[in-house]
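Visitor: I have a structure on my screen and would like a guided look at it. Could you take me through it?

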Amino acid sequence: MRKTVITALTLSLALSLAGCAKGGDAGETVSAAGSTAAETTAAETTAAGTTAAETSAPAETGAANTEADGAVMSYEEYMAADLDSQVVIETYVQAKQSWWEDKATLYTQDKDGAYFVYNMACSEEDYEKLLPGTKIRVTGYKAEWSGEIEIMDGTFEFVEGGDTFLAEALDVTELLNSEELINHQNEFVSFKGMTVAPAGADDKEAAFLYNWDGSGTDGDDLYFNVTYNGETYSFLVESYLCDNTTDVYNAVKELKVGDVIDMEGYLYWYEGVNPHIVSISASN
């Protein structure tokens, strides 16, 4: 949703780029303090008469070494942290939304909960290494955007020797329109037996819109409405995550009002539940 808010501010910049999520040079990575471990410890000597830089090699990182930034938080500790406070978490990449100007946006999750990581410092080379299931440590600031809790202005490192984890979709169909649903924000979830409803007030046959108000064209976000138990919900295919070459994007373009479908996606929030859908199939 925020791309709609900032489009006017970034249009002139975007026109000068080869693409919003493809172009740019890989950025040089530095430590959280802005210098390498060798620079900060070169003057320090050990009892054996060697420098600290000689006795310990820095770990391979994707952006910055976060050891000095605080202890790794559990999901419960992260959720209890104040907005705008620094947070440190270990999590697993589930999907990559975008990369632009050495910044990455990711959907991540562990066994306890999920984290949306927005505009994290990341070179293009490291972005290619962020495969689904990869374990990373992220240091950033807890923020809120129209109800969406996320980590902003972050740096990261790969957890060397870490295990892998891919979440199975949690069926939250019966949690729709409940206060409990938000407890699963950003998780990989599924919805079953949802009926496609008209996407716009003016055209009762239109099953989807390009952009939330119908102002877009092919390649923009796809918005569509579904109903369940008499309530209507707005879902979307986020074009940075799933562009117009993907199966799900083209599946939405084939929807008809009245179709009954099952879906999977990430439980994003924008002024209420606003899932980013990644797969659609006919309901059994």
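Here are some questions and answers about this structure.

Visitor: What is the average pLDDT of the chain?
Guide: Good place to start, since this is a predicted model. Residues 4-68 stay under 50 in pLDDT, while 76% of the residues score at least 70. The chain average is 83.

Visitor: Is C122 buried or exposed?
Guide: Buried means under 20% relative accessible area. C122 has 2% relative accessibility, so C122 is buried.

Visitor: Are the rings of F188 and Y266 stacked, edge-to-face or tilted?
Guide: Twelve aromatic pairs are found in the whole structure. In this one the ring centres lie 5.2 Å apart and the planes meet at 35°. Stacked needs planes under 30 degrees apart and edge-to-face over 60, so the pair of F188 and Y266 is tilted.

Visitor: Which strands do F188 and Y266 come from?
Guide: The two residues are 78 residues apart and link distant parts of the chain. F188 is buried at 13% relative accessible area, and Y266 is buried at 7%. F188 lies in strand β7 and Y266 in strand β11.

Note on methods
Residues numbered from 1 in each chain as written. Predicted model: local features only at pLDDT ≥ 70, side-chain atom pairs only at ≥ 80, totals over all residues. Heavy atoms only, no water. Buried < 20%, exposed > 50% of the residue type's maximum accessible area, 1.4 Å probe, protein only. pLDDT = per-residue confidence, 0-100. Contact = heavy atoms within 4.5 Å. Phe/Tyr/Trp six-rings, centres within 6.5 Å; stacked < 30°, edge-to-face > 60°. Helix = DSSP H or I, 4+ residues; strand = E, 2+ residues; numbered from the N terminus.
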